[in-house]
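This report goes through one structure part by part, moving from a single side chain to the elements around it. Please keep the sequence and the coordinates at hand while reading.

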Amino acid sequence: MKFNEIATVSGKPGLYKVLKPTRGGVILESLDSKKSKLVVGANHRVSILGEISMYTMTEEGASPLEEIMKNIDKEFDGDLGLDADAEAEELKAFLKHVLPDYDENKVYPSDIKKLISWYKIIKAEAPDVLKSEEAESSEENKAE
């Protein structure tokens, strides 16, 4: 699975694997133990994780979510030491550690909470997504 195959639906908790498009929308499967399927139409706001980024003070102006989550995984390897219900100051300190140049005026504590909860879901249900390309290619080379 890749980041471009994982979606979030506005108003619904959790993350979903994109299964296939339909005439009026897309079929999604929840990334949890239930694996429930959901058909979403044009009236739902679906965002693909590969297209989401967080505001930064850099020249680019944003950092891709995939890059941020891979940094979190490299730094903490699943043990974040806090959860999505942490105080706003703790959340900001966490993101400052992972993404030092994030824009504090445009990134809200609710955004950081989503980042943490999404990371935990991906770490539990699709950890292969967090591997860097170098790690994947070195594993493929070992197999040959």
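Which residues does Leu115 touch, not counting residues up to four places away in sequence?

## Leu115 and its surroundings

The model discussed here is a predicted one. Leaving out residues up to four places away in sequence, Leu115 touches Met54, Leu65, Ile68, Met69, Ile72 and Leu95. Leu115 has its place in helix H3, and because its relative accessible area is 1%, below the 20% under which a residue counts as buried, Leu115 is classed as buried.

One of these contacts, that with Ile68, joins parts of the chain that are separated in sequence: Leu115 and Ile68 are 47 residues apart along the chain, while their C-alpha atoms are 9.0 Å apart in space.

## The nonpolar cores

Leu115 also belongs to the largest nonpolar core, which has 29 residues, and is listed there with Leu49, Met69, Ile72, Phe94, Leu95 and Ile122 as the members that touch the most other members. Helix H1 (65-76), helix H2 (88-98) and helix H3 (109-125) each supply at least two residues of this core, and H3 gives the most to it, with six residues. Apart from this core lies another one, of eight residues, among them Tyr16, Val26, Leu38 and Val40.

As general background, nonpolar side chains in soluble globular proteins tend to be buried together.

## How the helices pack

How do H1 and H3 lie relative to each other, and at roughly what angle do their axes cross? The axes of H1 and H3 come within 11 Å and cross at roughly 70 degrees; since angles of 65 to 115 degrees count as roughly perpendicular, H1 and H3 are therefore roughly perpendicular to each other. Their crossing is right-handed. On the H1 side the contact is made by Leu65, Ile68, Met69, Ile72 and Asp73, and on the H3 side by Leu115, Trp118, Tyr119, Ile122 and Lys123.

H3 also packs with H2, at an angle of about 65 degrees and with the axes 9 Å apart, and this crossing is left-handed. Here Ala88, Leu91, Lys92, Phe94 and Leu95 of H2 meet Pro109, Ile112, Lys113, Leu115 and Ile116 of H3.

## The five-stranded sheet

Five strands form an open sheet, in which the order is S4-S3-S2-S1-S5 and the pairing is antiparallel. Strand S4 (37-41) and strand S5 (46-48) are the edge strands, each of which pairs on one side only, and the twist from one strand to the next averages 45 degrees.

Strand S1 (residues 6-9) pairs in the antiparallel sense with strand S2 (residues 16-21) over two bridges, and in S2 it is Lys17 that stands opposite Ile6. The hairpin of S1 and S2 has six residues between the strands, and within the hairpin Gly11 takes a positive phi near 90 degrees. S1 is also joined to S5 by three bridges, again with the strands running antiparallel, and Ile48 in S5 is the bridge partner of Ala7.

Are the faces of S1 covered or uncovered? Both faces are covered, with Ile6 and Thr8 buried on one side and Ala7 and Val9 buried on the other. Thr8, which lies in strand S1, counts as buried because its relative accessibility is 11%. Neighbours within four places in sequence left aside, Thr8 is in contact with Gly14, Leu15, Arg45, Val46, Ser47, Leu49, Ile52 and Trp118.

Notes
Residues are numbered from 1 along each chain as its sequence is written. This is a predicted model: local features need pLDDT of at least 70, side-chain atom pairs count only at pLDDT 80 or more; totals for chains, interfaces and linings use all residues. Side-chain values use heavy atoms; hydrogens and water are left out. A nonpolar core is a set of buried Ala, Val, Leu, Ile, Met, Phe, Trp, Tyr and Cys residues joined through side-chain atoms within 4.5 Å. Buried means under 20% relative accessible area, exposed over 50%, partly exposed in between (1.4 Å probe, protein chains only). Helices (H or I, at least four residues) and strands (E, at least two) are DSSP runs, numbered from the N terminus. Two strands pair if DSSP finds at least two bridges between them. Axes are lines fitted to C-alpha atoms, for helices over the stretch in contact, and angles run from 0 to 180 degrees between N-to-C directions. Contact means heavy atoms within 4.5 Å. Angles under 35 degrees count as roughly parallel, over 145 as roughly antiparallel, 65 to 115 as roughly perpendicular and the rest as oblique. A crossing is left-handed if the near helix is turned anticlockwise from the far one by less than a right angle, and right-handed if clockwise.
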